[in-house]
Amino acid sequence: MQGRINSKMSVDEILGILRGSGGYYLCNNERDVSQSDFKNRLMPMTTMRVAPHREEAGFFSIEVSGGASIHVDLLRKQVNPFERLRITRRAMPNTLLQIVCRGASLFGYRHYPESVIRVTVQQFAKYADIWRVYDFLNHVPNMIPIFEEVQQAGRILMPSVCFSTGKEHTDAYYVEKIKEILEVTGPDVIISIKNHSGLGTPKRIGQLVEAISAACPDVILHYHGCNTDGNDIGRMIAAVQAGVKICDVADHGYGAVYGQAPALTLIQSLEDYGKKAVGMNIPALVRCSDILRRERRIYEPFENQFRGHDPTVASYKLTGGAAGSTFEQADTGGFLDRMPEIFEEMARVQVELGNWWSVTPGSQILWTTAVNNVLFGRYERPSLDLKNLILGRYGPLPFYDPQEWICKKVLAYQRSDGKKWHEILAEDGGQVKPRDPDLERERENLEAKLGRPASDEDLVLYLQHPFDAAAFLQFEAQYGRTWLLPPEVWFRSGGFKSGERITFEDEHGKPHYIEVMSTRREGGTVLTSLVVDHTFHTVSVTVKGSSVLPTSN
Amino acid sequence: MIEKLMFEKILVANRGEIAIRIMRSAQELDIKVVAIYEETDKDAYHITQADEAICIGPGPRKDYLDIEKIIAVAEKSGAQAIHPGYGFLAENPDFPEACTNAGLVFIGPPPEVIRNLGSKVIARRIAAETEIPVIPATSTLSPDAPGEKEALEFADEHGYPIMIKAVSGGGGRGIRRVEDEKALLSGLKRSRSEALMSFGSDEVYLERCLYRPQHVEVQILADSFGNVVHLGTRNCSIQRRHQKLIEIAPAGLEAALSEEICSAAVRATRAADYLSAGTVEFLVEPDGSFYFLEVNTRIQVEHTVTEMVTGIDIVREQLLIALGEPISFSQDEVVERGYAIELRINAEDPKNDFLASPGIVQVYQASAGHGVRLDGAIYQGYEIPRYYDSMMVKLTVYGFTWQEAVDRLSRALNGFLIIGVKTTIPYFQQIMQEPDFIQMRFDTSYIDTHPHLLEYSEEEREVDKIARLIAEINAHGYNPYAR
């Protein structure tokens with residue numbers, strides 16, 4: 001397809017094509033769709049099933065990693081995040097792989113030491129072609145080590161400016177912020193407008209893009225938005241008309257709500273304005289959704305409790321990526337019915353705390369504060385993260401500080417030394433860089449847990465999420481690459497019937513089968529007899545309490 | 001078709017792979033075979049391969065060593081001859097004697113030959129008389145303090161290190177290398193006690209320790225017509241605690257040296273009035289000096305490598321010789337071609353000091369293909385008993401060149417799938433990748449000088465690991481790792 005960009009091109013070549021193109025490009029943001037609408041549970045084999053068609057569809061890139069996905073890979077999907085990148089690369093050799101990184105919080109929830117940031121980026125940069133990097137306070141120094149490592153690795157750097165609404169969020173602010181970024185990175189980057197909550201009208205986004213383009217005419221702009229209010233197609237139309245070159249979209253088969261808007265709808269709409277989606281193959285794009293509509297049924301238990309668009313997001317500004325986890329927490333905590341109240345409180349807290357950007361880790365701070373305020377009284381139970389925010393540990397707040405009464409309640413909470421809040425702020429305030437760990441010692445710790453040498457990739461996962469990474473690596477040693485299983489088997493409920501045959505291919509394309517022959521229970525042990533690639537096994541599993549055994553046995 | 005007189009039925013007084021090996025040759029000669037077994041061994045594979053089977057007692061081990069019982073069941077079964085295999089009663093001269101007394105043919109050397117060659121001291125004398133170099137050694141040491149004095153005098157004359165050996169020893173038992181006087185004196189006591197336990201005699205002697213020698217042995221056959229033929233050399237240098245781990249044919253010596261050693265082996269065999277199959281063992285120093293070590297008066301575990309490179313069925317020849325036939329070929333007809341390597345796949349955990357790993361063989365898929373020979377004793381579902389040796393299957397491969405043999409062995413090892421017990425396979429896989437082995441640079445110190453070979457991780461089939469998760473999901477009714 002003419003004008004298509006592929007992963008074999010150099011950074012200069014790719015940026016050159018983007019600058020010279022009269023059309024626009026699309027990034028399939030499967031990672032954000034999974035995080036926003038399916039509690040991050042989309043399994044690698046679903047990605048693999050649709051991969052050949054997505055490759056043919058001609059996306060500029062696919063975002064398959066970063067954000068919360070890395071933690072969930074380890075915690076709930078038992079897949080090595082590096083392996084997921086490797087298999088996606090094999091399945092989609094031409095499409096650029098994109099990753100999103102939460103600034104100094106990387107793929108976690110708090111700021112990491114600089115040495116950890118650098119070594120992590122170095123390892124992931126072996127696979128990820130494009131790095132979408134943001135900071136929830138738009139504090140550029142928090143992102144500099146990542147900028148440096150990405151550019152050093154010869155990858156495409158995509159620094160983001162988080163976008164929101166309100167009187168502080170002027171064109172001038174964003175233009176100056178982009179100039180500040182370009183001062184650090186130089187011009188050969190793609191600047192992303194991160195509209196993480198899907199805020200603003202199409203007109204507002206169009207104006208913003210025009211203002212940026214006017215101030216920085218050579219800059220290549222990317223737009224990332226969520227479709228929570230159902231209007232991201234309108235915003236993207238305005239953005240592309242004003243000069244955005246790349247938009248994040250979803251497959252219409254996923255029917256994303258809190259994630260991205262459908263690619264095909266955008267393509268069809270923009271065609272009317274004379275704008276072409278470069279490289280896109282529509283029949284292949286349609287095939288992707290035909291497959292995903294079927295796949296989607298597997299993930300039905302993980303879809304959000306609240307379905308349907310919500311234009312009131314304009315006030316509470318919850319980021320799409322946090323939707324799944326917040327609803328899940330509310331459901332688990334038994335306060336799902338109080339969500340309207342919590343959303344109202346979120347809007348209040350948002351303003352009170354400085355009207356910065358509700359994206360990780362800020363979104364967690366806003367959410368937790370709002371929930372605690374509703375459940376226990378306003379600022380009666382401030383979290384440690386809120387305290388750290390007010391102390392300036394994440395960086396300076398961009399527009400204004402919270403009112404004194406809030407600072408007092410938060411900083412004095414559970415203090416027994418009688419110090420006043422301003423004394424605490426004076427003594428403990430300001431950004432404190434986390435201390436660099438002894439990486440070799442950390443490696444030794446991990447190796448002791450695993451009983452084998454730890455690779456650099458193992459170490460990086462461990463530095464990010466020490467407990468969950470070690471547990472995953474131990475799981476992998478015992479159970480292997482279970483992501484090879486069909487997702488419907490991974491999420492199976494109720495066990496297997498005798499005679500049921502599970503088939504799958506390994507990463508070398510060799511077919512395998514596991515046939516369940518019989519199941520019997522002896523006390524607290526369940527014995528499952530299996531035929532595995534023509535060989536007979538009986539595996540005993542100790543179960544606690546009563547388990548659900550298949551009724552056909 | 002053999003038209004001559006033939007045994008109708010023989011009894012194999014052994015178990016495991018060697019019992020099956022003997023049965024195969026016998027059955028090819030249309031001889032019926034009687035297997036014996038102990039109750040503790042009633043699931044053994046060799047029973048299923050025999051024409052008849054007789055339980056000889058509750059076991060474990062003691063009934064396989066009970067001459068009277070075995071003779072009695074042989075008579076009862078109508079067997080005309082007994083093959084002892086290796087181990088158990090194979091080198092006990094009382095056994096052939098009892099066979100003769102019962103009118104049964106013992107398929108092996110006569111008792112006096114076993115008795116003479118079983119004594120290391122007599123065997124050394126036979127070698128010396130036929131001008132075969134022997135390692136400087138003492139005669140049998142006197143008991144107690146006088147023996148210690150003799151030992152210290154020998155050490156003064158030849159220096160350390162020194163080997164302490166049991167006079168009736170074999171299979172590595174009762175052998176000890178000592179580095180100084182203190183170790184010599186304590187080692188004497190321990191070797192005497194070990195020898196008494198293993199062989200019923202606490203007699204020991206000392207031998208000068210050679211510098212990084214290779215263990216080379218010669219397979220011989222001798223018939224009752226005075227014909228003695230050698231089938232070339234084997235290299236059994238790769239040993240762990242004096243027990244052979246890997247055996248190779250031919251030994252890889254210079255042609256002239258090989259000829260000299262084989263000729264010496266034939267001389268020793270003749271001098272001993274030998275009959276049947278046997279092995280003459282030597283130690284060869286890097287400069288080509290070689291020394292007589294001992295004669296094994298039985299079929300050996302590693303005979304398969306010689307069979308692979310010569311094409312000769314040694315057990316078949318044993319049977320024919322026992323029947324009074326001459327060896328069925330001449331020395332000139334023996335040709336060694338290519339290389340064969342044999343190793344023992346045991347149910348052992350190499351990482352745990354090669355501790356036996358008895359248990360149920362849940363899955364057994366054997367390797368196969370061109371140039372691969374298996375002499376096995378297990379099957380899927382077989383529970384390896386803890387009472388007997390842990391050998392599961394003997395893998396022998398043939399290659400036209402050394403490299404081809406190594407490549408084939410590596411491939412053949414990868415072709416095994418054994419689940420349920422730990423095996424020596426991963427350790428051997430390490431050796432197949434080791435540069436010194438690949439370049440055929442090894443001596444008896446190989447295992448001690450390559451300790452890193454134990455640094456491996458055991459690879460399990462990915463699908464078997466995944467099957468474990470399926471069982472978990474099935475047992476719990478949900479995937480506990482997806483929540």
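Over how many bridges do strand 12 and strand 13 of chain B pair, and is the sense parallel or antiparallel? The close-ups below start there, in what is a predicted model throughout.

**View 1. The pairing of strands 12 and 13 in chain B.** Strand 12 (residues 276–284) of chain B runs antiparallel to strand 13 of chain B, and six bridges join the two. One place to look is T279(B), whose bridge partner in strand 13 of chain B is N296(B). Strands of a sheet pair through backbone hydrogen bonds, in either a parallel or an antiparallel way.

**View 2. Helix 22 of chain A and its surroundings.** Helix 22 (residues 466–479) of chain A has 14 residues, and at 1.5 Å a residue they should span 20 Å; the end C-alpha atoms are 20 Å apart, so the two values agree. Buried residues in helix 22 of chain A are A469(A), A470(A), F472(A), L473(A), E476(A) and Y479(A). An α-helix has 3.6 residues a turn, so residues three or four places apart point the same way. The cover over the buried residues of helix 22 includes helix 4 (69–77), helix 20 (439–450) and helix 21 (456–464) of chain A, along with helix 16 (462–476) of chain B. Just past the end of helix 22 of chain A, look for G480(A), which has a positive phi of about 80 degrees.

**View 3. Where chain A meets chain B.** Here 36 residues of chain A are in contact with 25 residues of chain B. On the chain A side, helix 22, strand 10 (511–522), strand 11 (525–532) and strand 12 (535–542) are the elements that give two or more residues. By class, this side of chain A has 17 nonpolar, 13 polar and six charged residues.

**View 4. Domains 1 and 2 of chain A.** The assignment for chain A gives domain 1 (11–302), domain 2 (313–428) and domain 3 (492–542). The C-alpha centres of domain 1 and domain 2 of chain A are 27 Å apart. Their contact draws on 34 residues of domain 1 and 25 residues of domain 2 of chain A. On the domain 1 side, helix 2 (residues 30–37) of chain A provides the largest share, four residues. That side of domain 1 of chain A comprises ten nonpolar, 17 polar and seven charged residues.

Definitions and conventions: Residues are numbered from 1 along each chain as its sequence is written. Chains are lettered from A and ligands numbered from 1 in the order in which they are written. This is a predicted model: local features need pLDDT of at least 70, side-chain atom pairs count only at pLDDT 80 or more; totals for chains, interfaces and linings use all residues. The expected span of a helix is 1.5 Å times one less than its number of residues. A residue is buried if 20 or more other C-beta atoms lie within 10 Å of its own, exposed if 12 or fewer, and partly exposed in between; C-beta atoms are placed from the backbone. Two residues are in contact if their C-beta atoms, placed from the backbone, lie within 7 Å. Two strands pair if DSSP finds at least two bridges between them. Ala, Val, Leu, Ile, Met, Phe, Trp, Tyr, Cys and Pro count as nonpolar, Asp, Glu, Lys and Arg as charged, and the others, Gly among them, as polar. Domain bounds come from an automatic or database domain assignment.
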